[in-house]
Amino acid sequence: MTKQLIFPPKAILESHSFIVDTHCHLCDCLTVHPLLENSREHNVNIIISNATNPCDWEENLTFCEEVHIQYHNLPPDQPLHPSLPFPIPFLGLHPWMIKHQPTTWLDDLRTLLLQYPMCGVGEIGLDKIKIASQKFPDYPTFPMQTAAFRQQIDLAFELNRPCSVHCVRSVGNICDILTKQRNKQRLPPAVILHSYGGPHDFIPLLLEACTPVSTIPPKTKHFHLPKEEVLANSRLFFSFSGTILDKTGRDPLAVCVREIPRDRILIETDAPTFDSMYAAFEEGACSEPASTRLVLKHVTELLNEGRCPAESQEGEHTNDQPLPSEVDNPLLTEQDVIAQMFSTFKRAYSSILTITHKQSDP
Ligand SMILES: [Zn+2]
């Protein structure tokens, strides 16, 4: 494989108006090129493409590289009009895939990540539904999943890469592992909990578990970092997928969207999964990166519940001073939410975006 220097065009990163699909699997999508053109039409211009096992890693890299070469070959005065959006590859060993892998998988992953400084670590994680049992004999045991997850989180710390984390019925275990990494001062630069579906009362605990500490904290259950420090420095981010569009699971997720600090929220499709959820939300829609706009639409609506519509702001004005509630809680437009999420994206992924830009400077 040719080793191109992969980095997002600066014009994309300097923009304020792009939607980012922060988690999907382009390797698993059947018709990738038409799907990417569709993404471009819907303003989804950056796509994080995850690979889940060693067989997918090279394929994911090769595909992303092919698209990147198109950007590199554009005339310098025309950096923003390629026909395709910009994919960023992530490589990891998914909790469902741990069995039957070569014993060298972790070293192989390290080698590829070193070759590609722009690559993140994902998809990794824990899944308590898909564990070895009579129902699912082919899945790995929970201790096997935990060992692989720990190794990859530690590798992400060592190589300074963001991680995309699968978390199904394992939020407490993820929180414990992140807390231990924090206490050892070995946290990755960002942990993105993808397709978040955990309970809302874990949100502050997860944020705290992922807040770096300058000294080893005391071993007491009641140790807590100051809230302001957590809000400012936590390395945890929550990404919502098409599951939020599903009527049956919507209410608990709606609470999460409202409770998570706005600068910690990201969105994704997890394409090609959750096809029926996108189709049920909008006729003709399917699970592809372009459908990130549907998640955006719904998250914006949720964030606006209880806020002041623009009309009432105008109608209720009796003098030049806006009412306090209007200042504190104005209605958000989709553009407001896109701008906030794009800035969150740049913050969460800064370790790979800044390294590659430094390398690309003459
Ligand atoms: Zn996934």
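The buried residues of helix H6 are covered by elements that include strand S4 (120–127), helix H5 (142–159), strand S5 (163–168), strand S6 (191–193) and helix H7 (203–209); helices (H or I, at least four residues) and strands (E, at least two) are DSSP runs, numbered from the N terminus, and two residues are in contact if their C-beta atoms, placed from the backbone, lie within 7 Å. This is a predicted model, in which local features need pLDDT of at least 70 and side-chain atom pairs count only at pLDDT 80 or more, while totals for chains, interfaces and linings use all residues. Residues are numbered from 1 along each chain as its sequence is written.

The buried residues of H6 are Val171, Ile174, Cys175, Leu178, Gln181 and Arg182, where buried means that 20 or more other C-beta atoms lie within 10 Å of a residue's own, exposed that 12 or fewer do, and partly exposed anything in between, with C-beta atoms placed from the backbone. Seen down the axis of H6, these buried residues fall within an arc of 125°, so they line one face of the helix; the arc is that of the directions from the helix axis to the C-beta atoms. Just after H6, glutamine 185 takes a positive phi of about 60°.

Isoleucine 46 counts as buried because it has 23 C-beta neighbours inside 10 Å. Leaving aside residues up to four places away in sequence, isoleucine 46 touches Pro8, Ile12, Phe18, Val20, Pro85, Phe86 and Ile88. Isoleucine 46 and aspartate 21 are 25 residues apart in sequence, yet their C-alpha atoms are 6.3 Å apart in space.

Two further helices, H11 (residues 292–304) and H14 (residues 334–348), pack at an angle of about 105° with their axes 10 Å apart; axes are lines fitted to C-alpha atoms, for helices over the stretch in contact, and angles run from 0 to 180 degrees between N-to-C directions. H11 and H14 are therefore roughly perpendicular to each other, a term for angles of 65 to 115 degrees. Their contact is made by Leu296, Lys297, Val299, Thr300 and Leu303 of H11 and by Glu334, Val337 and Ile338 of H14.

Taken as a whole, the protein has 15 helices and eight strands, and buried residues make up 40% of its 362 residues. The mean pLDDT, the predictor's confidence in each residue from 0 to 100, is 86 for the protein, but pLDDT stays under 50 over residues 312–318.

Conventions
Angles under 35 degrees count as roughly parallel, over 145 as roughly antiparallel, 65 to 115 as roughly perpendicular and the rest as oblique.
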